Amino acid sequence: SPWKPGLLLLLLSPQAFSTTCARCAKDRRLRRKRAISERQLTRYFVDQRRVRVVGGQGGGGGHSFHSEPRKVFGGPDGGNGGDGGHVIFKADQQMKSLSSVFPFYQGFHGERGGSKNCYGANGAHMYVKVPVGTLVKEDGRVVADLTQHGEEYVAAYGGAGGKGNRFFLSNENRAPTLFTPGEPGQERVLHLELKTTAHAGLVGFPNAGKSSLLRAISRAKPAVAAYPFTTLNPHVGIVHYQDYEQVAVADIPGLIKGAHQNRGLGTAFLKHIERCRFLLYVLDLSVPQPWIQLQDLKCELEAYEKGLSERPCVVIGNKVDLAQSRINLPLLREQVAERVIALSALTGDNLEELLLHLRELYDTYVKTQQSRGQSPVKW
């Protein structure tokens with residue numbers, strides 16, 4: 001049985017704050033991770049890119065006349081030029097950020113048409129791998145939404161190849177000298193915007209402990225400091241289970257009251273919550289009336305997108321290691337209808353209960369997607 005006797009007794013006890021087996025726990029304080037500044041972390045996660053794409057130019061048409069012994073006037077035999085290659089965005093689930101996307105791409109040019117009616121080769125397509133969940137915008141308008149692995153979008157078409165003089169042969173013109181150059185490829189300026197496709201999203205006010213919690217349950221290393229708005233970029237951590245299932249948890253930068261009106265960090269990061277399948281509300285139990293935080297967070301989500309606050313969720317009461325938090329915990333449970341999990345991201349108390357419930361939310365999401373005939377997002 002996967003349940004240890006000590007773990008089962010602690011789960012059944014309503015007074016226990018932690019589900020960690022006391023006999024197996026060696027060090028209650030979590031292992032410290034290497035500190036990385038938020039500026040350094042911008043290299044690893046980029047959620048916006050401006051890209052100029054140009055299709056390959058078509059090859060020019062050939063201009064030649066066939067000539068061989070005893071057949072001096074063989075007629076025109078210049079072949080058509082090859083088409084230019086496209087620039088194609090392709091969603092790849094192995095890509096997790098837009099940091100590897102360059103600001104400029106151009107398709108390969110088509111070859112020029114040759115003699116003896118030889119057509120020029122078409123230019124190869126330029127494939128650009130982007131993460132699943134990438135929005136492609138042009139002049140503020142969404143032109144593509146790549147939500148499935150392997151989905152493609154032609155960002156810039158290659159130019160058509162030119163016509164050789166053989167193409168213009170007719171009864172009226174038996175020796176045409178006309179040929180056309182290849183057309184230039186399409187040129188566009190596109191804005192790529194990544195909406196994080198994590199399974200769960202950590203939502204909370206600044207200094208609620210979201211980054212510390214993500215560091216505790218995954219290998220992610222978001223910056224942690226004792227001042228608000230430490231996290232300026234979304235970070236995604238992967239929670240691994242023994243059956244090799246992986247649940248992606250996104251650390252969304254802290255929201256404040258009025259965030260949907262572009263206050264604080266504004267709406268730049270509210271868009272990442274749209275793709276999360278379920279939400280983890282992280283509250284600071286040490287502040288007076290922590291349930292007010294939950295009400296404000298739900299109001300901000302609902303004001304940004306109707307129905308966003310109604311997604312499956314769980315309330316996480318963080319900093320339970322503090323004395324004031326233990327006083328506020330029963331008051332929070334009386335005021336909140338959702339399930340409340342009290343834990344400490346600093347010491348690791350009761351992380352197991354969160355991981356178990358996180359897996360339950362994930363399994364429910366997978367069953368729901370399969371019942372609808374859709375494939376769930378896998379990491």
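**Charges over rings.** I started with Lys163, and I found it lying over the face of Phe167, 5.1 Å from the ring centre. This is a predicted model, so I read every value here as computed from that prediction. I then looked up Arg359, which sits over the face of Tyr241, with 5.1 Å to the ring centre.

**Aromatic pairs.** How many aromatic pairs does a search of the whole structure find? I got 3. I noted Phe102 with Tyr105 as one of them: the pair is tilted, at 6.1 Å centre to centre and with 55 degrees between the planes. I checked accessibility for both partners. Phe102 is exposed, because its relative accessibility is 53% and the cut-off for exposed is over 50%. Tyr105 is buried, with a relative accessible area of 11%.

I also wrote down Tyr362 and Tyr365, whose ring centres are 6.4 Å apart and whose planes make 50 degrees, so this pair is tilted. Where do Tyr362 and Tyr365 lie? I traced both to helix H7 (residues 351–371), where they are 3 residues apart, about one turn of the helix. Are they buried or exposed? Tyr362 comes out buried at 1% relative accessibility, and Tyr365 is buried at 8%.

**The sheet.** Next I turned to an open sheet of 3 strands, and I noted its order as E4-E2-E7, with mixed pairing. The edges are strand E4 (126–131) and strand E7 (152–156), each of which pairs on one side only. On average, neighbouring strands of this sheet are turned by 30 degrees against each other, direction ignored. I followed the pairing of E4 with strand E2 (residues 87–92): it is parallel and runs over 6 bridges. As a handy spot to look at, I picked Phe89, whose bridge partner in E4 is Val128.

**Positive phi.** Asn117 has a phi of about 60 degrees, and I located Asn117 in the loop between strand E3 (104–106) and E4. Asn117 is partly exposed, because its relative accessibility is 37%, between the cut-offs of 20% and 50%. Tyr244 has a positive phi of about 70 degrees. I placed Tyr244 in the loop between strand E10 (235–240) and strand E11 (246–251). With a relative accessible area of 77%, Tyr244 is exposed.

Key
Residues are numbered from 1 along each chain as its sequence is written. This is a predicted model: local features need pLDDT of at least 70, side-chain atom pairs count only at pLDDT 80 or more; totals for chains, interfaces and linings use all residues. Side-chain values use heavy atoms; hydrogens and water are left out. Two strands pair if DSSP finds at least two bridges between them. Helices (H or I, at least four residues) and strands (E, at least two) are DSSP runs, numbered from the N terminus. Axes are lines fitted to C-alpha atoms, for helices over the stretch in contact, and angles run from 0 to 180 degrees between N-to-C directions. Buried means under 20% relative accessible area, exposed over 50%, partly exposed in between (1.4 Å probe, protein chains only). Rings of Phe, Tyr and Trp (its six-membered ring) pair if their centres lie within 6.5 Å; planes under 30 degrees apart count as stacked, over 60 as edge-to-face and the rest as tilted. A charge sits over a ring if NZ of Lys or CZ of Arg is within 6 Å of the ring centre and within 35 degrees of the ring normal.
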